[in-house]
Amino acid sequence: MSPMINVILYNRVSSDDQIKNFSIENQIELNTDYAKRMGWNVVSVIEDDGYSAKNFDRPGWKKLKDIVYGSKIKVHKVYFVRWDRFGRNTEFCLRVIRQFGERGTEINAVQQPIDFGTPISKHVLNTYLTTGEVERDNIRIRTSEGIRK
């Protein structure tokens, strides 16, 4: 019998439109279905409704971190749907991935999984992370331009 894999499922939306369009419910369903297929034990399902991914100053993320760092339960994995749901600041994301990895907790995405055992994984991960960061920067620019007009 294989050991139980404990996982936290993280779900985040940043805008009212995403909240209204049930994006968070969709993320929860996708994450939960994936965890069931994998045979994992879901320790917690965490949501951040209406919080940007520009940093990790989000109540749900703080709760997640408290579980990983403070719980007596070993958390083996943290999963979310896509990398842009995790974060949109490459530097911060890489730091968090490294810190969690040092604790033996893998961070990964259901729809954009990374095989961290391969050399190409660094390139693929950076592509996903920088794509989200560039998108955030473009949104910020368009918003500023719209306000000026």
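Gly39 follows helix 2 and has a positive phi, near 80 degrees. Helices (H or I, at least four residues) and strands (E, at least two) are DSSP runs numbered from the N terminus. The model is predicted, so to speak of local features takes pLDDT of at least 70, side-chain atom pairs count only at pLDDT 80 or more, and totals for chains, interfaces and linings use all residues. Residues are numbered from 1 along each chain as its sequence is written, and side-chain values use heavy atoms, with hydrogens and water left out.

**Helix 2**
- Helix 2 spans residues 23–38, 16 residues in total, and reaches 23 Å from first C-alpha to last, close to the 22 Å expected at 1.5 Å a residue (1.5 Å times one less than the number of residues).
- Its buried residues (under 20% relative accessible area, 1.4 Å probe, protein chains only) are Ile24, Gln27, Asn31, Tyr34 and Ala35.
- These cover an arc of only 100 degrees around the axis, which puts them on the same side of helix 2 (the arc is taken from directions between the helix axis and the C-beta atoms).
- Lys36 and Arg37, on the face turned away from the buried side, are exposed (over 50%).
- Cover for the buried residues includes strand 1 (6–13), strand 2 (41–49), strand 3 (77–80) and helix 4 (83–86), with contact meaning heavy atoms within 4.5 Å.

- Four strands form an open, parallel sheet in the order 2-1-3-4, where pairing takes at least two DSSP bridges between two strands.
- Strand 2 and strand 4 (106–109) stand at the edges with a single partner strand each, so one side of each lacks a neighbour in the sheet.
- Strand 1 and strand 2 pair over eight bridges, and Asn11 has Glu47 in strand 2 as its bridge partner.
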